[in-house]
Amino acid sequence: MAIRHQLINHPPSALWSVLEQPVLYGKWVVGTQDSRLLEGQWPEVGASIEYTVRLGPKELQGRTTVRRLERPGALELEAYSGLLGTARIAFDIRPWGDGTLVLLDEHPLQGLGGILHNVALDAVLQIRHRAMLGRLAEVVDAQVADRRPAW
């Protein structure tokens, strides 16, 4: 299991404004691009988005489905990436002073990722999560900056 945290210097509402936009998913999730709504009302339970996953020169189609939503504190997703299988990705979102503490917990469920799951894979996930949570913080910063008055 790979758990990582990030302090975001904005309130939880600013984080949720990013998490609720499926088109922004590809901007902060490492390895994905061209994200778009597939079905439902994101991020309601059962809603799905699809995107392209890049693994070196390979491109795969990925899909993520919301499995649990408890605003303002929790979002759990199931990501499907073809041969790699599925993974559970859980966000624990906590107010922290004037900011937000985000805890990210991911582990493979099925497929190749589940079969090969070990300590080395968790180490790789830690590196990916560090980058992903850093990107998420940057996207939140940019969204907040875009909404500030220019005067």
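User: How many helices and strands does the protein have?

Analyst: The protein has 4 helices and 7 strands. Helices (H or I, at least four residues) and strands (E, at least two) are DSSP runs, numbered from the N terminus. This is a predicted model, in which local features need pLDDT of at least 70, side-chain atom pairs count only at pLDDT 80 or more, and totals for chains, interfaces and linings use all residues. Residues are numbered from 1 along each chain as its sequence is written, and side-chain values use heavy atoms, with hydrogens and water left out.

User: In what order do the elements run from the N terminus?

Analyst: The order is β-α-α-β-β-β-β-β-β-α-α.

User: What percentage of the residues is buried?

Analyst: Of the 151 residues in the protein, 42% are buried. Buried means under 20% relative accessible area, exposed over 50%, and partly exposed in between (1.4 Å probe, protein chains only).

User: Turning to S17, where is it found?

Analyst: S17 belongs to helix α1, which spans residues 12–19.

User: Is S17 buried or exposed?

Analyst: S17 is buried, as its relative accessible area is 16%.

User: What does its side chain reach?

Analyst: The side chain of S17 reaches the backbone oxygen of A14 at 2.7 Å.

User: Why is α1 described as largely enclosed?

Analyst: Because 7 of the 8 residues of α1 are buried, the helix is largely enclosed by the rest of the structure. The buried residues are P12, A14, L15, W16, S17, V18 and L19.

Notes: A polar contact is a pair of N or O atoms within 3.5 Å; within protein, one must be able to donate a hydrogen and the other to accept it, and residues adjacent in sequence count only if both atoms are side-chain atoms.
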